[in-house]
Amino acid sequence: MAAEISIATDEPEPPEADFAFYIDFKRAVGSASRVFEATQQFIKACERFDRALAASIDANIETVMVLEDIESGSLKTWLRSVLETTDDQALKDLDWKRIVGQYLVKAKYLVLKWIDKDRNPEDIMTLSEDIQQLAEETGVRHLADYPQVNPASLIEAVTDFDKVKDHLVEGDEAAMVVPDGEPAEFDITFRVDIQEIQQLAVREVHEHNVPSMVLVVRKPDYLGSSMWDFRHGRRPLSARIEDEAWLRGFQARTIEVRPGDALRCRARIEMAYGHDNELISESHFIEQVHEVLENRYGRQTVIDLSPDPDNG
């Protein structure tokens, strides 16, 4: 679907735009691209969260975020969700697109207000229940069986929205603006503790030990402070290497590993389940590296068949 872009000084009237992402950026400070990168991150966060929100109404609803307008001066990007369904049998004969569109805006607004540092850290399930209540208030389903948004999707949304702050500098101001209501402001001086949020949603963690598995290296961690990116079959995954002796050898360059090579290793997989019995997260840890397997077909001809997680 094509999106028309225009520059205007007046705010578009609803329902032409559902909401906007506003940045009042500090001039002559930081990278010029940061404003557009923050906007892109916000839009990507909205798109991914909308898919989870729409599924709580009907699994057949598809969402597309389109650009309605961009204001001059401080950057204000007006956005609108376009909704389609392949099966409307579960939906009442109402103006469901407008009603569900309002629900998507309210739910995103609710999440942004929830992560504000001035609020107490409520249980993630309470947030899920509040969003479920918003879904029920739409009244667009024939049956009142609106499922809660998966806590894993809520954690993803909190993480995605918090990443918007990565692109902003001190003095910048950012907010989600709705036509009727106070803006949901981003406090760039406060960062969400994602691990703490995840713990709120976890009911139990199951560990699985894998004596030997082969992981193809996509991106090594040369600094030793983050995760390695691997591929297992066609599935991409990230893992932390806990074999300190092997890491010291790699960082001292006595062990060579390049993208396309593989690690034969002993691994541990931790699966966290929420109070709704859904899988929230799956974490991988390499406890011991047995050997490095060189790519015999040549490192320059590696074809990564794993899907791009951002593009499904």
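This is a predicted model: local features need pLDDT of at least 70, side-chain atom pairs count only at pLDDT 80 or more; totals for chains, interfaces and linings use all residues.
Trainee: Great, pockets then. How much space lies in the largest pocket?

Mentor: About 2100 Å³. A pocket here is an open set of points, on a 1 Å grid over the protein atoms alone, where a 1.4 Å probe fits, with protein on both sides within 12 Å along at least five of seven lines; lining residues have an atom within 4 Å of a point. Grid points are joined across faces, edges and corners, and the volume is the space filled by probe spheres set on the points.

Trainee: Which residues are closest to its centre?

Mentor: Of the 40 residues lining the largest pocket, those are Arg 48, Glu 156, Lys 163, Gln 198 and Ser 238. Elements giving two or more residues to that lining include α1 (34-55), α4 (151-162), β10 (262-274) and β11 (279-293). Helices (H or I, at least four residues) and strands (E, at least two) are DSSP runs, numbered from the N terminus.

Trainee: And which element gives the most?

Mentor: β11, with 7 residues. By class, the lining of the largest pocket has 15 nonpolar, 11 polar and 14 charged residues. Ala, Val, Leu, Ile, Met, Phe, Trp, Tyr, Cys and Pro count as nonpolar, Asp, Glu, Lys and Arg as charged, and the others, Gly among them, as polar.

Trainee: What about the second largest pocket?

Mentor: About 560 Å³ of space lies in the second largest pocket. Its lining has 20 residues, and Asp 18, Arg 98, Gly 101, Gln 102 and Val 105 lie nearest the centre. Two or more lining residues come from each of β4 (75-85) and α2 (96-114), and α2 has the largest share, 7 residues. The classes there are 9 nonpolar, 3 polar and 8 charged.

Trainee: Changing topic: how many salt bridges does the structure hold?

Mentor: The structure holds 21 salt bridges, each being a side-chain nitrogen of Lys or Arg within 4 Å of a carboxyl oxygen of Asp or Glu. One of them joins Asp 160 to Arg 48, with the closest N and O atoms 2.9 Å apart. That pair links distant parts of the chain, as Asp 160 is in helix α4 and Arg 48 in helix α1, 112 residues apart.

Trainee: Is Asp 160 buried or exposed?

Mentor: Asp 160 is buried, because its relative accessible area is 8% and buried means under 20%, exposed over 50% and partly exposed in between (1.4 Å probe, protein chains only). Arg 48, at 32%, counts as partly exposed.

Trainee: Which residues are linked in a network?

Mentor: Salt bridges link Glu 242, Arg 266, Arg 268, Glu 270 and Glu 287 in a network. Within it, Glu 287 and Arg 266 have their closest N and O atoms 3.2 Å apart. Glu 287 is in strand β11 and Arg 266 in strand β10, 21 residues apart.

Trainee: Back to α4: how covered is that helix?

Mentor: α4 is mostly covered, with 11 of its 12 residues buried, among them Leu 154, Ile 155 and Phe 161.

Trainee: Which non-glycine has a positive phi?

Mentor: Arg 253 has one, of about 70°. Arg 253 is found in the loop between α6 (244-251) and β10, and at 78% relative accessibility it counts as exposed.

How values were computed:
Residues are numbered from 1 along each chain as its sequence is written. Side-chain values use heavy atoms; hydrogens and water are left out.
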